[in-house]
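I opened this notebook to keep track of what I looked up, one topic to an entry. The structure comes first, and my entries follow it.

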Amino acid sequence: MEMFAGLLVSALLLGCTYTLIAVGFSLFFGVMDVVVFCCGDIAIFGAFSIMGAYVVLMSAGLFNTLPFIVCVALLLLIGALFCATLGLVAYRFSIKPFSHSSELMPLLSTIALGTVIKEVLGLMFMPAVNASASAFGGEAALKVVSGRNPQGFPELLFPNGGVNLRYVTIICVTVLLLLLLFIFLNKTKMGLSMQAVSQNKELSMMTGINVSRTIVVTFIIGGVMLAIGGFLVGSYQKIMSFDNGAMYGAKGFSAAVVGGLRNTWGAVIGGMLLAFVEVFVAGYVANGAAYAGVVAFVVVVIFIIFKPEGIIGEKTVEKV
Amino acid sequence: MSDESAILSIRGLDTSYGRIPMLRDVNIEVLRGQVCCVLGANGAGKTTLVKAILNIVKADKGSMSMSGEDISTWPTHRRVQAGIALSASAAGSFQKMSVDTNLKMGAYYIKDTKLLEERLAEIYRSFPVLRERLQQKAGTLSGGERTMLAIARAVINKPRLLILDEPSLGLAPIMVEEVFNIVKQLALQQMSILLVEQNAVKALSVASTGYVIQKGAIVFCGSVQDLAKSEFMDNPVM
Ligand SMILES: Nc1ncnc2c1ncn2[C@@H]1O[C@H](COP(=O)(O)OP(=O)(O)O)[C@@H](O)[C@H]1O
Ligand SMILES: [Mg+2]
């Protein structure tokens with residue numbers, strides 16, 4: 001029983017990290033009909049910018065002058081800002097220029113952008129962080145050695161409160177963020193426009209929705225979701241590597257597919273399902289850890305074959 | 001001569017799809033408070049024309065003005081905001097949204113919630129079929145109901161110019177009758193309407209001026225009386 005409870009918590013936590021990345025995929029796919037393959041890399045970039053900003057804030061002595069919670073908020077804000085910008089860059093330079101050519105083009109160009117993001121992290125993280133740390137603090141409080149080494153993610157969620165409090169916070173942050181997204185999508189004009197563009201782009205234009213502005217806002221919001229996703233991944237795993245993006249991207253994408261690519265709530269369920277399968281296979285099957293990832297992807301394949309519209313995706317075919 | 005009596009005037013409009021030219025030198029004038037129809041066979045370029053009026057299809061050449069004001073450079077949302085409403089049943093609906101939300105999306109630029117409620121109430125009076133299906137997802141409506149929704153979504157704005165793109169498309173004769181009764185009602189209320197149709201007989205019964213479009217070019221322009229006598233009416237369903 002104790003083992004079951006432990007696995008349940010692990011699965012929930014892992015699900016939280018997958019969920020937000022899957023939501024990013026599904027938001028972007030909704031408005032652009034394009035799988036933005038660099039979502040995982042954007043999230044990892046968010047985690048790294050938070051790590052980098054942490055070192056800089058330490059060097060500047062802000063952690064001694066400002067309340068801890070304010071510093072954490074500041075770090076999250078910086079991460080969100082970086083990822084929102086990166087979301088816009090992805091849209092402007094690797095999706096929009098190809099939106100009139102074959103569907104394969106934006107797919108390939110976002111994969112390429114993912115590689116660029118990854119390599120920029122590996123090559124530039126150390127010099128960028130050390131340079132700005134010394135610019136702010138005279139001497140860096142912490143020196144980042146190499147961007148290609150795994151980095152320790154700072155303990156920002158109740159560092160003195162023990163591991164349980166941190167886990168509870170990860171789950172609460174995820175739930176809160178999804179709740180905010182739900183309210184935004186259903187109660188605000190911009191949120192409804194995002195849904196409208198996702199369901200029928202041409203009709204959205206005819207209705208007078210400013211479609212290009214809606215798309216831009218979607219990429220900003222998706223970027224912020226990915227930043228928080230990256231932050232949760234870091235807080236949960238504690239160690240991050242610059243090339244984690246591909247793995248999280250694949251998991252987030254799979255979760256979004258299981259949920260039905262266009263469906264934000266499907267993405268949440270898909271993320272949880274994938275995490276539960278992984279964790280419970282690893283926990284209960286002998287030598288399961290080796291198979292966990294494979295079994296999870298088998299689940300995805302089963303969904304693609306038998307329920308391609310996703311868990312709660314409904315088939316609505318409009319007759320004309 | 002862009003006089004004040006024309007709500008919309010289009011001059012020398014050319015459009016193309018890629019390198020293939022579509023509309024050629026189209027001139028159309030819609031007079032205030034009147035119904036103007038554009039007749040044409042399948043593929044003649046009618047939908048292209050209405051999309052060009054909203055700048056969804058870009059014009060290569062030509063100019064457009066609304067009540068004398070040049071709108072040629074305006075983006076789509078600005079044209080809609082200025083009072084051009086397009087109802088195209090072929091464009092479908094927001095399938096996963098309720099009928100109610102679809103109508104509210106149509107009323108995108110009505111900010112005043114009280115006004116919005118009034119307009120919705122009016123719409124439900126004129127379209128009782130929609131009132132019965134308020135919370136139903138638009139994707140599950142029948143063809144006739146969906147046409148009603150498409151018209152209602154445009155009419156809720158009380159537009160300065162209402163464009164109807166083939167409202168009779170794919171409907172049973174009895175539904176066509178019902179749709180044209182609504183068009184007649186709107187015409188009686190002095191709404192300026194550009195009616196695009198293949199069904200010439202029905203269109204001529206409500207319009208006062210008519211155009212015929214063939215292969216992207218206007219080949220007839222005149223009163224419906226003249227149009228009814230012309231050789232274009234030898235095949236009344238175009
Ligand atoms: N997006 C498009 N790209 C290329 N060709 C198009 C496109 N839309 C329409 N066409 C072509 O333009 C012609 C006119 O289409 P359309 O304006 O929809 O005709 P109508 O509404 O009169 O039936 C057709 O031959 C159609 O195939
Ligand atoms: Mg058409």
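The entries below go from conventions to the interface, then to the ligand and to single residues.

**Conventions.** I am working with a predicted model, in which local features need pLDDT of at least 70 and side-chain atom pairs count only at pLDDT 80 or more, while totals for chains, interfaces and linings use all residues. Residues are numbered from 1 along each chain as its sequence is written, chains are lettered from A and ligands numbered from 1 in the order in which they are written, and side-chain values use heavy atoms, with hydrogens and water left out.

**Interface.** I looked up the contacts between the two chains first, taking contact to mean heavy atoms within 4.5 Å, and found 27 residues of chain B in contact with 23 residues of chain A. The two chains bury about 2500 Å² between them, 59% of it on carbon and sulfur atoms; buried area is here the accessible area (1.4 Å probe) that two parts lose on being put together, summed over both. Of the area that chain B buries against chain A, 27% is supplied by B:F94, B:K96 and B:Y108, more than by any other three residues.

I noted one salt bridge between chain B and chain A, the term standing for a side-chain nitrogen of Lys or Arg within 4 Å of a carboxyl oxygen of Asp or Glu. It joins the side chains of A:E202 and B:K51, at 3.1 Å from N to O. On the side of chain B that touches chain A, the elements giving two or more residues are α2 (76–81), β8 (84–88), α3 (99–106) and α6 (143–155) of chain B; helices (H or I, at least four residues) and strands (E, at least two) are DSSP runs, numbered from the N terminus.

**Ligand 1.** I then asked which residues surround ligand 1, counting a residue as near if one of its heavy atoms lies within 4 Å, and the list includes B:Y17, B:G43, B:K46 and B:T47. A polar side-chain atom of B:Y17 is 3.4 Å from a nitrogen atom of the ligand. An oxygen atom of ligand 1 lies 2.7 Å from a polar backbone atom of B:G43, and an oxygen atom of the ligand is 2.7 Å from an N or O atom in the side chain of B:T47.

**A:G114.** This glycine sits in helix α5 (residues 104–137) of chain A and is buried, with a relative accessible area of 3%; buried means under 20%, exposed over 50%, and partly exposed in between (1.4 Å probe, protein chains only). Leaving aside neighbours within four places in sequence, A:G114 is in contact with A:C38 and A:D41.

**Positive phi.** A:N287 is not a glycine, yet has a positive phi of about 65°; A:N287 lies in the loop between α11 (264–284) and α12 (289–306) of chain A and is exposed at 66% relative accessibility. B:K158, also other than glycine, has phi near 45°, is found in the loop between α6 and β9 (161–165) of chain B, and is partly exposed at 45%.

**B:K202.** My last entry concerns a lysine in helix α8 (residues 200–206) of chain B, which is buried at 18% relative accessible area.

Conventions. A polar contact is a pair of N or O atoms within 3.5 Å; within protein, one must be able to donate a hydrogen and the other to accept it, and residues adjacent in sequence count only if both atoms are side-chain atoms.
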